Amino acid sequence: MTYAEDGKPQADLAASLVNGFLTEQDARAVADQYPDTYGSIVLWIREAADAGDWTRVGKFTNLAAPLRAAGLDAVVQGILDSGAPGCNAEDLVEILGGGGGSAVACLFRVAERSVSEDAPAYWLCQKVIAALGEMGAPAGA
């Protein structure tokens, strides 16, 4: 783990700057301030998920998504496939929608699992359908 000049872990400092959705410009500003973010964000997500710290997972995935961090899709799919209670599956599904087609099977499993629990509004299923639609949309559409 890399530490900032004040002795705090860069992961903690980066997390403190993330509150909700980030634009690519905002995410790059955070990562430029704490450069360890670029190479470690996926590891930070995995560690937070293993600890069941879903608030931190949310912060780090919101930071990693606009950075298009390598390995993000795989770690998000692992979290969704685990069915971990407490994770914000809707946000994670949205993040997968911005990626490549490698998440299709995972998204299908999420929809299958949630359909009986999601009634009557089917919010998570709607997010899955939107994510799948994003994957199939031409660039710039």
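The crossing of α3 and α4 is left-handed; that is, the near helix is turned anticlockwise from the far one by less than a right angle, clockwise being right-handed. This is a predicted model, in which local features need pLDDT of at least 70 and side-chain atom pairs count only at pLDDT 80 or more, while totals for chains, interfaces and linings use all residues. Residues are numbered from 1 along each chain as its sequence is written, and side-chain values use heavy atoms, with hydrogens and water left out.

Helices here are DSSP runs of H or I, at least four residues, numbered from the N terminus. Helix α3 covers residues 36-50 and helix α4 residues 54-67; their axes come within 9 Å and cross at roughly 150°. Axes are lines fitted to C-alpha atoms over the stretch in contact, and angles run from 0 to 180 degrees between N-to-C directions. The crossing therefore makes α3 roughly antiparallel to α4, a term for angles over 145 degrees.

Which residues of α3 and α4 make the contact? On α3 they include Y38, I41 and W44, and on α4 they include V57, F60 and L63, contact meaning heavy atoms within 4.5 Å. The residues of this contact divide into twelve nonpolar, two polar and one charged. Nonpolar covers Ala, Val, Leu, Ile, Met, Phe, Trp, Tyr, Cys and Pro; charged covers Asp, Glu, Lys and Arg; the others, Gly among them, are polar.

I turn to the next pair. Helix α5, residues 72-82, packs with α4 at an angle of about 150°, with their axes 11 Å apart. That makes α4 roughly antiparallel to α5. The contact is made by W54, V57, T61, A64 and A65 of α4 with L72, V76 and I79 of α5.

Methods: Helix = DSSP H or I, 4+ residues; strand = E, 2+ residues; numbered from the N terminus. Parallel < 35°, antiparallel > 145°, perpendicular 65-115°, else oblique.
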